[in-house]
Each structure stands twice: as structure tokens, then as C-alpha cells.
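Q: Could we go through this structure together, topic by topic?

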Amino acid sequence: MNFLRFCKFKPESAKKKIFHYLNMKKSLNFAESFKYDDTNLPKANDMFSGLKQRDKLGRRVMITRIAQWDPKILDRQLILQVTYPSMNLMRLEPDTQINGWVCILDCKGLNYSHVLAMTPRLIKTTIDFLLNFLPIRARGFHIVNNPFFFQPIFKLIKQLLPEEARSLIMMHGKNMNELHRYIAPEYLPECYGGTAEDAELPLEETYSVVKKYENTLKDFLECEIKDT
């Protein structure tokens, strides 16, 4: 059903989406490499979280903090491994299937080791994972606290995006009033000019929910394209 919702109940489009999903899963070696456990969570070092409340449009809001990323410890495959369970969990939520999700990318603390790690391959894989892999619709990517040298990366990201997705990325710098045009401050923590208390749900806590649906989520992993 989530593939149909994503494709606005067009069977042929849903079929293409499913095959793209299965092909990418195979190319990333998901079935062997991805597990629904918290073994690699310490390596994420609080890099990922989400807001406990949906925004006024009913969307999930996820947060990524670059300052917490150590590229020597958390490579491309591990980034996908630690985020896959919680992202996949969202596809079980009818409200998220309908309303989608948004991301805040906090670039505070971005340094040149991060920039060197942001290879075209990493950026392309991340874009494909977020936009084309899971059947949940991304509604916006909001970049905040970005330093001046982030501009070339931003241009590269936009070049790798499909034309229709380029408008999804917005760069706000330190201007949280601009961010509030898209996500109201009553849903945001204080660090983003918000007024919500105890607003965030750490990635670790989502894994306790993942455990409840582990069998269903494992079915997603084990689905394969059968030879005809």
C-alpha cells in the first residue's frame, strides 16, 4: 500500500518504484549488511534524531547534525545502516505515507574533513536513498548553520538532483526566521529558534519501537526480485 500511496495509486508507477527499490537494495547488499539492532548506534554519536511531534502539515521532521559525524568511523554504508531502521519504520505510518517528511541538515561544525568525505558517490547514494529508495515522500531539506565553504557542495548536490527535486532544498544559514516559514517554532527545539520543550527523539529511542515491528521490517529486507 505504501508504494501505491507514494505513486498516487498508479499501478505501473508503483511497479517501477518497487523494482527500483529492490534493485537498489541488492546493489547496496542490504540483505546481508543491514540488521535491525543497535550495534552501530554508538558510531553515529547522536548525529541523527527526529522531532517527537509532527509539524502542522502532519509531516515527520528528521534532524542530521554534521558536527557529530566522524567520517573515519561512520562511512557511507554505516550511515545507511544506522538510519535505515528508523527511516523504514516511517513507511509503516499511514500519516507519513500521506504527508511525507522533512529534514533539517544542521551544518554547524562542518569542517574540511567532512567536505572531503562528501564525495559525489556519497552524495548520489544519499540522494537516491532519501528520494527514490523508500516509498515515503520527502517534502523538503532545510540546511541551517552552513559556513561559506558549503556553497560548492550545495551546487554539487543540486546538480545531482533530478530537476523536479531541486526546489526541495533550501539553505537558511543562521536565519531561523526563514526556517520558521516552513516549520513553525512551536514544533522546534530552542537551538533552532523554537519553543518546544523536550522536542527531540534520539535515534536510540526509535530502535525500541523498531524492535516491536522487527518481523515486519525484516520482511522488507528479505524481499527479492525472483527470476522469471
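Predicted model: local features only at pLDDT ≥ 70, side-chain atom pairs only at ≥ 80, totals over all residues.

**Working chat on the model**

Q: What is the phi of Asp198?
A: Asp198 is not a glycine, yet its phi is positive, at about 50°. For context, most residues other than glycine have a negative phi.

Q: Is Asp198 buried or exposed?
A: Asp198 has a relative accessibility of 61%, so it counts as exposed, the cut-off being over 50%.

Q: And what about Asn45, which phi does that one have?
A: Asn45, also not a glycine, has a positive phi of about 55°. Its place is the loop between helix H4 (41-44) and E1. With a relative accessible area of 40%, Asn45 is partly exposed.

Q: Which elements line the largest cavity?
A: Those giving two or more residues to the lining are strand E1 (48-51), strand E2 (60-65), helix H5 (76-90), strand E3 (101-106), helix H8 (120-133), strand E4 (138-144) and helix H9 (151-160). The largest share, seven residues, comes from H8.

Q: How many residues line it, and which lie nearest its centre?
A: The lining of the largest cavity consists of 36 residues. Nearest the centre lie Thr64, Cys103, Leu105, Thr126 and Leu130.

Q: How does that lining divide into nonpolar, polar and charged?
A: There are 30 nonpolar residues and six polar ones in the lining of the largest cavity, and no charged ones.

Q: What does UniProt list for residues 48-200?
A: The UniProt record, an unreviewed entry, lists residues 48-200 as "domain: CRAL-TRIO". In the model, the end C-alpha atoms of that span lie 10 Å apart. Residues 48-200 are 37% helix and 19% strand.

Q: Changing topic, how many aromatic pairs does a search of the whole structure find?
A: The search finds four aromatic pairs. One of them joins Trp101 and Phe141, whose ring centres are 5.7 Å apart with the planes at 85°, so the pair is edge-to-face.

Q: Which parts does that pair tie together?
A: Trp101 belongs to strand E3 and Phe141 to strand E4, so the pair ties together parts that are 40 residues apart in sequence. Trp101 is buried, with a relative accessible area of 2%. Phe141 also counts as buried, at 14% relative accessibility.

Q: What is the geometry of the aromatic pair of Phe148 and Phe149?
A: That pair is edge-to-face, with 5.4 Å centre to centre and 85° between the planes. Phe148 is exposed, with a relative accessible area of 71%, whereas Phe149 is buried, at 17%.

Q: Last topic: which residues of H9 are buried?
A: The buried residues of H9 are Ile153, Phe154 and Ile157. Seen down the helix axis, they fall within an arc of 100°, so they line one face of H9. An α-helix has 3.6 residues a turn, so residues three or four places apart point the same way.

Q: And which residues are exposed on the other side of H9?
A: Pro152, Lys155 and Gln159 are exposed on the other side of H9.

Key
Residues numbered from 1 in each chain as written. Heavy atoms only, no water. 1 Å grid on protein atoms, 1.4 Å probe; cavity = no way out; pocket = protein on both sides within 12 Å on 5 of 7 lines; lining within 4 Å. Helix = DSSP H or I, 4+ residues; strand = E, 2+ residues; numbered from the N terminus. Nonpolar A, V, L, I, M, F, W, Y, C, P; charged D, E, K, R; others polar. UniProt positions renumbered as here; feature names shortened; annotations may be inferred. Phe/Tyr/Trp six-rings, centres within 6.5 Å; stacked < 30°, edge-to-face > 60°. Buried < 20%, exposed > 50% of the residue type's maximum accessible area, 1.4 Å probe, protein only. Arc of directions from axis to C-beta.
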